Amino acid sequence: MATKRPETVSRSELAAELAADVLVVGAGLAGLFAALAAAREGGRVIVLSSTKLDQSASWRAQGGIAAALAGDDSPELHVRDTLAAGRGACRESAVAVLAREAPLRVLELMELGVTFDRARDGSLALGLEGGHSRRRIVHSGGSATGRRVTRRLSALAAADPRVTVLEDTRCVRLVTAGDGGVCGALARTGEGQLLELRTRATVLATGGYAALWERTTNPPGAVGSGLWLALAAGAKVADLEFMQFHPTALAASGRWDGFLISEAVRGEGARLVDEEGERFCDELAPRDEVASAIWQRLAAGKRVFLDARAVPLATRFPNIDRALRLAGFDASSELVPVAPAAHYAIGGVATDLDGRSSVPGLYAVGECSCTGLHGANRLASNSLAECLVFARRAVRAALAEPHRKPPRELPAPLPSPLPTQASRRQLWQRAGLVRDPASLAELAQDPHPLVRLIGQFAAERAESRGVHRRRDRPGTDDRLDRRHFVFVPASETVDDPSSSLDTGYLSLETW
């Protein structure tokens, strides 16, 4: 069957052509750290931010950075905790890399001028979160870690002569050379101008896709834009069935519904109780256990509350205390209603340990990537550590990419599918905390292509493991230990990734 010829854009339509060694798409923690790391290696970098720099998901990150820095801790203990939380699905080599290199990256942040919270004796004030056997979470400003770190890196990137930051500019297409490798991108500015960006390599750092679900802790833009770009370039994606639901998102009406109440609050002594005042779970168990326990209470018709009255919220977590007060709750004197919400995308663009995708010249880091690090359930605060560790590794590999000659004709910008409220509701109802075959089958008819693809992944994993729970298969299938479902786009998908969902296929790989 003949392949439809892709639509093209004339270079006469371009407002400008810019060149650099590395293009970074996304300006959260992973993207900014990648840009600065590439610049420190002597590379010229372009950073695309679809919003202002202070509107990324990283700015919302309340948790800290997990790193074995305490005297009673070690990378080996960090590995053990991560593997236990990952429920038999982690890529062990990725876990070892994270645990070994995370302390070095925290020290590098300190060299870059990031300040972390200190104890009275001057040592790092390390927090405890669910699934960790030691205090190993570094914070900045209590629960304002993402904001503090990203603000510092933003300032450094803006001042670095090797880094060009383009705010309010969106990547609308990856451009591939004759050998199929990515050699740059098309971008559209807020004023509608089209830019051609020519680079050796492109690093996707676009964040996740938790905002595809109706109830979420994520900003509205977290709808899988990086996945969409990667699929259009022919890259593999993996583990889309694994969406982590945060246990303690505020349950309230209006704009504050879904506001994240950090796990660190439970690490400092907050308790979960139902409407009868009964404590029903270990608050510091891994997130899949806690979220499931809350969901079962809610399914039984009971409300669930976070009791943080014994925690000095105003001094320890001032931004959480302030937000709760704006939402009408005084956590120092009353219980706060909570319920799980879609929070962190474990799946993403499939990569190796240096961030390489299956397409030459294309890399992915942070939440839009999937190294297999998190397995079937992310260990708390491993995500910011992942951003740092794998961004550093990715740019070193990216700077060694060969120069590829751009094509004579540029492909047209991709249409950007935005989820309707109906699609978001469908995903929440059909692929929420508990799933079944009939509900997942209904997602196959959804108009949004990524919603359909997530449903396909969830239907294929016929077991319950970590954050993926099936009513019809409540047990774990040992034959799927360390096995990952990977979507392989059809070779002709570079023009329209939505059509590739019908012609591509899922494979099962051992990582």
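Here is a short tour of some helices, strands and surface features in this model.

The model is predicted, so local features need pLDDT of at least 70, side-chain atom pairs count only at pLDDT 80 or more, and totals for chains, interfaces and linings use all residues. Residues are numbered from 1 along each chain as its sequence is written, and side-chain values use heavy atoms, with hydrogens and water left out.

Let's start on the surface. Arg-147, Arg-148, Arg-151 and Arg-322 gather there in a patch of positive charge. Patch members have over 30% relative accessible area and no salt bridge, and like charges are joined within 9 Å; a salt bridge here is a side-chain nitrogen of Lys or Arg within 4 Å of a carboxyl oxygen of Asp or Glu. Helix α4 (residues 145-159) gives the most to this patch, with 3 residues. Helices are DSSP runs of H or I with at least four residues, and strands are runs of E with at least two. Arg-148 sits in α4.

How covered a residue is gets sorted like this: buried means under 20% relative accessible area, exposed over 50%, and partly exposed in between, using a 1.4 Å probe and protein chains only. Here are two residues compared on that scale.

| Residue | Relative accessible area | Class |
|---|---|---|
| Arg-148 | 36% | partly exposed |
| Gly-142 | 4% | buried |

Gly-142 lies in the loop between β7 (137-138) and α4. The C-alpha atoms of Gly-142 and Asp-117 are separated by 7.1 Å, with the two residues 25 apart along the chain.

Helix α5 (residues 225-232) is mostly covered, with 7 of its 8 residues buried. Among them are Trp-228, Leu-229 and Leu-231. Just after α5, Gly-234 takes a positive phi of about 90 degrees.

Now for the strands. β9 (residues 169-176) has 6 of its 8 residues buried, so β9 is largely enclosed by the rest of the structure. β9 pairs with β10 (residues 182-189) in the antiparallel sense over 7 bridges; strands pair if DSSP finds at least two bridges between them. Arg-170 has Arg-188 in β10 as its bridge partner.

β22 (residues 483-488) and β23 pair in the antiparallel sense over 6 bridges, and Val-488 has Tyr-505 in β23 as its bridge partner.

Note on methods: Patches are made of residues with over 30% relative accessible area and no salt bridge: like charges are joined within 9 Å, nonpolar side chains (Val, Leu, Ile, Met, Phe, Trp, Tyr) within 5 Å. Accessible areas come from the Shrake-Rupley method with a 1.4 Å probe; for residues, only the protein chains shown count as cover. Lys and Arg count as positive and Asp and Glu as negative; His and the chain ends are not counted. The place of a charge is taken as NZ of Lys, CZ of Arg, CG of Asp or CD of Glu.
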